[in-house]
Amino acid sequence: MNVPMYDLKREYLADREAYLSLFDEVCRSAQFADGVYAARFESAFGAYLGGMHAAAVNSGTDALILALKALGVGPGDEVIVPSATFNATPGAVALTGAVPVFADCEEDTWQISPASARGLITDKTKAVIGVHLYGGMFDVRAFRRLTREAGLFLIEDCAQALGAAFRGEPAGSFGDAACFSFYPTKNLGSFGEGGAVVSADNALIDRVQLLKKHARTPEGDHLAVSGNMRMHGLQGAILTKKLERLPDFLARKARIAACYRKAAAQSPALTVQATEPGSVHAYHLFAVLPDDRDRFTEYLTARGIAFSVQYPVPCHRQTAFAAFGGARSLPVTERLFSRVVTVPSYPYLTEEEILAVAAALREYR
Ligand SMILES: Cc1ncc(COP(=O)(O)O)c(C=O)c1O
């Protein structure tokens with residue numbers, strides 16, 4: 001058997017007629033850029049997150065850039081970020097002209113470490129971006145306290161965390177702003193690219209709305225140099241429809257994760273990610289830490305199971321960030337990214353495929 005990491009066609013084919021009719025509806029309305037379908041998604045997504053304000057944008061990367069710009073982050077500022085994340089988190093900081101400063105992560109949850117972040121605060125620090133890595137939550141209480149005490153903004157990078165929660169409150173409701181990605185493989189995936197900035201602060205979302213359209217006023221002036229980061233109407237329509245199914249999608253992911261956790265616990269050579277106490281993991285990715293990555297990935301390949309390494313190079317060691325303190329050692333992150341492997345946990349996997357992955361985890365020695 002061959003178990004794919006994802007097979008996005010399965011999701012489309014399961015509801016093809018409905019998607020085709022949506023496509024027709026959007027094309028007939030000619031609301032292609034932003035417009036009514038993006039606005040509908042903003043209302044639905046904000047409501048899903050418990051009454052937040054939302055701005056629909058073109059990607060998770062754009063969401064981060066816009067949130068930072070709307071909070072006034074720019075040249076001369078420092079922003080603390082985990083090194084254990086996708087390149088887009090520090091990349092967005094650098095693209096605003098600010099400096100990303102890399103924090104280490106926790107041994108058990110693999111999330112940004114409050115102690116490491118605290119030690120990096122200087123008089124130039126303006127914000128902290130916490131990333132809910134793989135769909136688990138970082139310690140939002142510690143970071144709320146830390147940022148409030150130090151007078152910093154807290155941004156949640158929720159690109160991997162739609163569906164996660166802490167004590168019943170959704171990921172995305174703890175920071176001054178939160179950024180989501182709707183890349184096709186995410187828990188809520190568009191048919192292309194998409195993202196959103198959410199906040200409890202309506203004025204902040206108004207600034208994002210302005211900045212995502214070249215900061216253009218109705219009178220035709222432009223208040224800042226920005227860009228075109230609007231959501232496509234078609235993506236807004238598809239995402240609004242998919243949002244209705246999200247609870248089922250998340251429930252299936254949680255069931256797959258529970259099955260894998262039980263299986264991995266029986267292997268002496270695998271460690272899984274600990275969940276922050278009081279939180280619900282969204283399981284965008286199911287990651288394991290094998291004793292030896294090469295040996296484990298060869299074993300998976302021999303069993304026909306796809307895998308992925310997210311991510312092979314910690315951000316502080318990437319060429320792109322060599323100018324931002326790349327020489328500093330972050331031992332926990334370096335150990336994590338030298339071993340981490342993610343296995344297929346896509347909700348449209350068949351029962352047979354899920355059992356094959358679980359058996360591989362259980363039997364790895
Ligand atoms: C943690 C994190 N932040 C930001 C992004 C960027 O999102 P996008 O690919 O939609 O630009 C990603 C994408 O995978 C991500 O994993």
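Which residues point one way from strand 9, and which point the other way? Gly 195, Val 197 and Ser 199 go to one side, while Ala 196 and Val 198 go to the other, and all are buried. "Buried" here means that 20 or more other C-beta atoms lie within 10 Å of the residue's own; with 12 or fewer a residue is exposed, in between it is partly exposed, and the C-beta atoms are placed from the backbone. In a regular strand the side chains alternate between the two faces of the sheet.

Before we go on, a word on what you're looking at: this is a predicted model, where local features need pLDDT of at least 70, side-chain atom pairs count only at pLDDT 80 or more, and totals for chains, interfaces and linings use all residues. Residues are numbered from 1 along each chain as its sequence is written.

Let's zoom out. The protein has twelve helices and 13 strands (DSSP runs numbered from the N terminus: H or I with at least four residues for helices, E with at least two for strands). Its radius of gyration is 20 Å, close to the 21 Å that the globule rule gives for 365 residues, so the protein is as compact as a globular protein of that length. That radius is taken over C-alpha atoms, and the rule is 2.2 Å times the number of residues to the power 0.38. The C-alpha trace spans about 65 × 55 × 35 Å along the principal axes, and 51% of the 365 residues count as buried.

Now back to strand 9, residues 195-199, where five of the five residues are buried. Who are its neighbours? Strand 1 (residues 53-57) pairs with strand 9 in the antiparallel sense over five bridges, and His 53 has Ser 199 as its bridge partner. Strand 8 (residues 177-181) also pairs with strand 9 in the antiparallel sense, over four bridges, with Ala 178 opposite Val 198. For two strands to pair, DSSP has to find at least two bridges between them.

Another sheet to look for is an open one of three strands, in the order 7-6-11, with antiparallel pairing. Strand 7 (169-170) and strand 11 (279-280) stand at the edges with a single partner strand each, so one side of each has no neighbour in the sheet. Strand 6 and strand 11 are joined by two bridges, and Phe 166 stands opposite Ser 279.

Next, the domains. The domain assignment, whose bounds come from an automatic or database source, gives domain 1 (8-101 + 112-241) and domain 2 (246-363). Their C-alpha centres lie 24 Å apart. Across the boundary, 28 residues of domain 1 are in contact with 29 residues of domain 2, contact being C-beta atoms, placed from the backbone, within 7 Å. On the side of domain 1 that touches domain 2, helix 1 (8-14), helix 5 (88-95), strand 3 (99-103) and strand 6 (165-166) give two or more residues. Strand 3 gives the most, with three residues.

Finally, find the ligand. It is surrounded by 15 residues, and the closest are Ser 59, Gly 60, Thr 61, Ala 159 and Ser 181; a residue is near a molecule if its C-beta atom, placed from the backbone, lies within 6 Å of it. Helix 4 (60-70) and helix 5 are the elements that give two or more residues to this shell.

Methods: Contact = placed C-beta atoms within 7 Å.
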